[in-house]
Amino acid sequence: MSIPRPRLPRPARSLAALVALALLLAGCAALEPPAAVTSQGQDTRDLYDFVFIIAVVIFVLVEGLIVYAVLRYRRKPTDTELPPQVHGNSVLEVIWTIVPTIVVLIMFVFSWQTLNQVDAVSPTPALTVRAVAAQFQWQFDYLAPDGQTVQFTQQAPELDLPVGVDVHVILRSKDVIHAFYVPKFLFKRDVVPGRENNFDFTIDPADVNQTFRGQCAEFCGTFHSTMLFSVKALSPADFKTWLAQQVATAAASPAPAPSAAGGATETTLALTAHNIAYDQATLSAPAGQPFVLKFTNSDPGVSHNVAITDSTGQQIFKGEIFSGPDSRSYPIPALPAGTYTFACSVHPQMTGKLTVH
Amino acid sequence: MATTTLRTSTGYRSGLYDWLTTTDHKKIGILYLANSILMFLIGGLFALLVRVELAQPGLQFLTDAQYNQAFTIHASLMLFLFVIPVLAGFGNYIVPLMIGAPDMAFPRINAFSFWLLPLAAIVMLSGFATGGGAAAAGWTEYSPLAQAKYEGIGTDLWIVALLLIGTSSILGSINFIVTIFKMRAPGMTLLRMPIMVWTMLVTSILVLMATPVLTSALIMLFIDRNLGGHFFDPANGGNAILWQNTFWFYSHPAVYIMVLPAMGIISEVLPVFSRKPLFGYKAFVFATAAIGALGFSVWAHHMFTTGAVYLPFFSFMTFLIAIPTGVKFFNWIATMFRGQLTFSTPLLYALGFLTMFLIGGINGAFSAAVPVDFALHDTYWVVAHIHYVLFGGSVFAVFAGLYYWWPKMFGRKLNETLGKIQFVFMFIGFNLTFFPMHILGLSGMPRRIADYDPNAGWNDLNLLATIGGFTIAFSILPFLWNVFITSRSGEPAGDDPWEGNTLEWATSSPPPPYNFDHLPEIRSERPVFDARHGATHA
């Protein structure tokens, strides 16, 4: 980065130089990927920084030459004679062929080395998860150590993972091509139907208890932008407890019991999901008595449900996730008066407010 | 050849009839340019739709389905019906003039290649009149999403449109190759051809080798969708990655089809406005050929994240292709060094090309480093990259070419002041729109999303990009006004308003139907310069 010379010919020029420098520095500072939270991501980040430094040097050098030529070689009124008609210079041309060749070879070698680190797959991962993508939802199968048996399937798009250990992810698509992308991993991999891609990563222990946003990155159809998920980093102990609990719950609970033949006074609310959105943003229900929420999912092949959380974020009710077109009657327990949030566990951006009074 | 254009008008034929039936390469070239600029404007409106929707989080103006159609048709129009044909239009107009030929080798095929394009545009856009809307799976139409199960008849219309455009390109490329090899004037050896002609030659070879691959892929996709085929459908034993391989085997060389002639334009403009010959002419020719050859070995760098390609090979080849491009850059800059630069509008656009295409080259190197590509692929970084290459590169070169050759085509210069106003707005608007996209991409915003989380931190930069988009749109107004007023009262250009180097400046403006009354002697790549100043080298 050039520093303005102490003596500048004209104030306008010095101002222009300062503005250019400020823009350049601002541009450099902003062109930074997020801090990587996996060791593989950190390797990628190191490579990015290396490429970035070379890029800035080339940018400043070449743009500087262009600006210099533009400022220095303007045609003056006195320029009636032709300038020297130089057709080329073999020495110069050989230099500016060989130097870039060396630079790109160095970049290639460094990026190949990093690739080998990032793409390495451990034969004995601590955990294997299968991410199953479909229009427009994620589900995560936690596999037993044999790498085959499904211990438990997380239908909500939340991937809970232990930090500090090697996690192996297998990607499977039910329909079109998707991509598993977590920006803070500095990584993505396509989920290709008919192909099983896989990769490993290790989340940095320093990032325990954080949540990272993830999103489908390969255009997959109408509601591509709704295909979100999150990754939650747990300490290995917390993860073990969490997983055991989930496995136990999954084993113990069959499909939620249909609502018991309710009293005659029971209230029934109706809610429909269409095009990955609820048809109503607000619902209201009477306080202190159970009611039925009749939920219709009209999105073919897409899973939805309704889950209710109170104002502290505590989940009070989670309805069965099912694929449309279909409907379910959810029995909601009696709730104290207040404001609650209802949302789809598969599509967190589908939300609304439930007022109980 | 010229006899077809010498037929005198018999009175009852209107000017319109003349334009509709012409086989004169100059009129066909102008038709190509006019049609392409119309597509640029329509494609630009679709871009504005995209930018308006993304200006703030939430869906305000479009549904998800409409948004997907908007970005698909934006890219399809800009790539296939603007950038490729507009450069073919320059080639059509200028190549026969530059090599001292009376016309293209096959004038009727030339007219046919052009008229396929408006037809293709109508077919593609007619998707909006169908129930399911226009094609919506992105301009890359990845299978299985492009299969009939997911996408409606708009995709079939898109396929047919691309088949028509492909046919047009293939016929055009044969025409260019034959014209350049067989119709050069005496003395116009291969190594005296203007660089513009060289770039058109290499481009035509790329088109001829690559387009049939896309055509066959499109036919296979059509069979999949309509006739029960399963080439690209993994649910029935097909292979989804096969589509990507065939598609990019065309579409990566297509990037060079969209950039090489633009480099050709720049290589004509810079020497004229520097009053110096192009520095390193032969190196430039070899670099052009090298880019063309290497261009066939890098297609899978669009597929690094599929897990289905051999990464080190394609990474290596992609890095390698930076070398000939770098050589060209240094040659362009050396052309300006110790020159006498006149800042007419064509040179401003050429400088816009140099400064912006450089960024498009540098940010491309990030994606050649495979692990970095894992982070950046399919994010807004890639959107920034392609626009720095194709807008910062090709579009700026197109305007350089328009301002440079307009006096030759119409006998009147475009207004310089309006041209400079347009340049300033376009340059600022372009950077406001596309530079923030680097940052959006780094922070994880995927491309092709209709909506985004308001808490993701992307709101301000998206708004900035939308403001930039409207600035670009605004910059088109002085251009249109310029065309309108100069057609009535523009400054007469004369034969050679810029003190040009190449043969088109040796004839009248506009040239007669048969192009040349007589040709100057051709002893170098700058015959008109030599005639003006006397040769400066043996």
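Here we go label by label, asking what backs each one.

Mentor: Keep in mind that this is a predicted model. Let's start with chain A, which has four helices and 20 strands.

Trainee: What makes chain A more spread out than a compact globule?

Mentor: Compare two numbers. The radius of gyration of chain A is 29 Å, while the globule rule gives 21 Å for 357 residues. The value is well over the rule, so chain A counts as more spread out than a compact globule. Along its principal axes, the C-alpha trace of chain A spans about 105 × 50 × 35 Å. As for burial, 35% of the 357 residues of chain A count as buried.

Trainee: Why is A:S323 called partly exposed?

Mentor: Count its neighbours: A:S323 has 15 C-beta neighbours inside 10 Å. Buried takes 20 or more and exposed takes 12 or fewer, so with 15 A:S323 lands in between and is partly exposed. A:S323 sits in strand β17 (residues 322-323) of chain A.

Trainee: How do you know that A:S323 touches A:V302?

Mentor: The test is C-beta atoms within 7 Å. Leaving out residues up to four places away in sequence, A:S323 touches A:G301, A:V302 and A:S303. A:V302 is 21 residues from A:S323 in sequence, yet their C-alpha atoms are 5.2 Å apart.

Trainee: Over to chain B. What makes α8(B) and α9(B) roughly antiparallel?

Mentor: Helix α8 (residues 240-274) and helix α9 (residues 281-294) of chain B pack at an angle of about 170 degrees, their axes 11 Å apart. The cut-off for roughly antiparallel is over 145, so α8(B) and α9(B) get that label. B:Y256, B:L260 and B:S267 in α8(B) meet B:F284, B:T288, B:I291 and B:G292 in α9(B). By class, the residues of this contact are four nonpolar, three polar and no charged.

Trainee: Which residues have the most contacts inside the largest nonpolar core?

Mentor: That core has 266 residues, and B:V197, B:I266, B:V269, B:A350, B:F353 and B:A400 have the most contacts inside it. Setting aside sequence neighbours within four places, B:I266 is in contact with B:W332, B:A350, B:F353, B:A397 and B:A400.

Trainee: And how many residues does each chain bring to the contact between them?

Mentor: Chain A brings 69 residues and chain B brings 74. The largest share of chain A's side, 14 residues, comes from α2(A). By class, chain A's side has 41 nonpolar, 15 polar and 13 charged residues.

Definitions and conventions: Residues numbered from 1 in each chain as written. Chains lettered and ligands numbered in written order. Predicted model: local features only at pLDDT ≥ 70, side-chain atom pairs only at ≥ 80, totals over all residues. Core = buried A, V, L, I, M, F, W, Y, C linked by C-beta atoms within 7 Å. Contact = placed C-beta atoms within 7 Å. Helix = DSSP H or I, 4+ residues; strand = E, 2+ residues; numbered from the N terminus. Nonpolar A, V, L, I, M, F, W, Y, C, P; charged D, E, K, R; others polar. Rg over C-alpha atoms; globule rule 2.2 N^0.38 Å. Axes fitted to C-alpha atoms, helices over the stretch in contact; angles between N-to-C directions. Parallel < 35°, antiparallel > 145°, perpendicular 65-115°, else oblique.
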